[in-house]
Amino acid sequence: MNAPATLAEAARERRDIVSGEVMDEARLLRFVAGPGAVVVPDVARKLPGRGLWVEATRAGVEAAAKKGLFSRAAKTKLAVGPDLADQVETLLRKRLLDGLGLAKRAGDLISGYEKVSASLSAGRAAWLIEAADGAPDGRRKILNVARKSPKPVEVFGLFGVEELGLALGGENVIHTAFLAGRGADRWTFDVRRLSGFSPLTPESWREEKPSEAGGT
């Protein structure tokens, strides 16, 4: 993944073309003028061309599109698709799933109720990744373990069983722990950006999250 090794390494600042505020790159999305002078999201930050930076929120991207701010910042006429914010969300979701696959191969992920429970109890997990469509009873049990973890654990519940299974090369993946470390830091960088476009847990079970997880 082409992202900072840690959040601290994303310390360069850029100007948000919507608010005019100078902020850390970790809070921003990069866009470029693609073929045909069409605005293209560059979530990996590696496409050629001058970067056009927008705060990583749906409202920010939609405002930039509706107000012609991409053209103003680029000083040339640019076309913007009506679904630009949806494009960003789709790309970030894919990036996160790809990141889970990489983490699995690197040994940074643990799946299965018993193994995940043990990693939580030992304070080794940075994230508890729960299938959005998993059984409520199992989720409540694992969330209760997470609440008692000696270290704060954040909760992610955006992907379904099928998506997780495809990403991790297994079937019926419901409970997964992302172990703390540089891999988790890189994944967190993209999670923060996605959180501006979509809740990270279903509304129906958000109250089951550990209170220590913060506002994600």
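Visitor: How many bridges join strand β7 to β8?
Guide: This is a predicted model, in which local features need pLDDT of at least 70, side-chain atom pairs count only at pLDDT 80 or more, and totals for chains, interfaces and linings use all residues. Residues are numbered from 1 along each chain as its sequence is written, and side-chain values use heavy atoms, leaving out hydrogens and water. Strands are DSSP runs of E of at least two residues and helices runs of H or I of at least four, numbered from the N terminus. Strand β7 (residues 125–130) and β8 run parallel, and the bridges joining them number three.

Visitor: Which residue of β8 is the bridge partner of leucine 128?
Guide: Two strands pair if DSSP finds at least two bridges between them. For leucine 128, the partner in β8 is valine 155.

Visitor: Which strands are the edge strands of the open sheet?
Guide: The open sheet has four strands with mixed pairing, in the order β6-β9-β7-β8. An edge strand here pairs on one side only, which leaves β6 (109–111) and β8 (154–156).

Visitor: At what angle does α3 run to β6?
Guide: Axes are lines fitted to C-alpha atoms, for helices over the stretch in contact, and angles run from 0 to 180 degrees between N-to-C directions. Helix α3 lies across β6, β7, β8 and β9 (175–179), and its angle to β6 is about 90°.

Visitor: Are α1 and α3 parallel or oblique to each other?
Guide: The axes of α1 (residues 58–66) and α3 (residues 84–106) come within 8 Å and cross at roughly 140°. Angles under 35 degrees count as roughly parallel, over 145 as roughly antiparallel, 65 to 115 as roughly perpendicular and the rest as oblique. The two helices, α1 and α3, are therefore oblique.

Visitor: How many nonpolar residues does the contact of α4 with α5 have?
Guide: Helices α4 (residues 113–121) and α5 (residues 136–147) have axes that come within 9 Å and cross at roughly 20°. Contact means heavy atoms within 4.5 Å, and the residues making it include Tyr113 and Val116 of α4 and Ile142 and Val145 of α5. Ala, Val, Leu, Ile, Met, Phe, Trp, Tyr, Cys and Pro count as nonpolar, Asp, Glu, Lys and Arg as charged, and the others, Gly among them, as polar. By class, the contact of α4 with α5 has one charged, three polar and, as nonpolar residues, six.

Visitor: What pLDDT does the protein average?
Guide: pLDDT is the predictor's confidence in each residue, from 0 to 100. It stays under 50 over residues 1–10 and over residues 210–216. Across the protein, 90% of the residues score at least 70, and the average pLDDT is 90.
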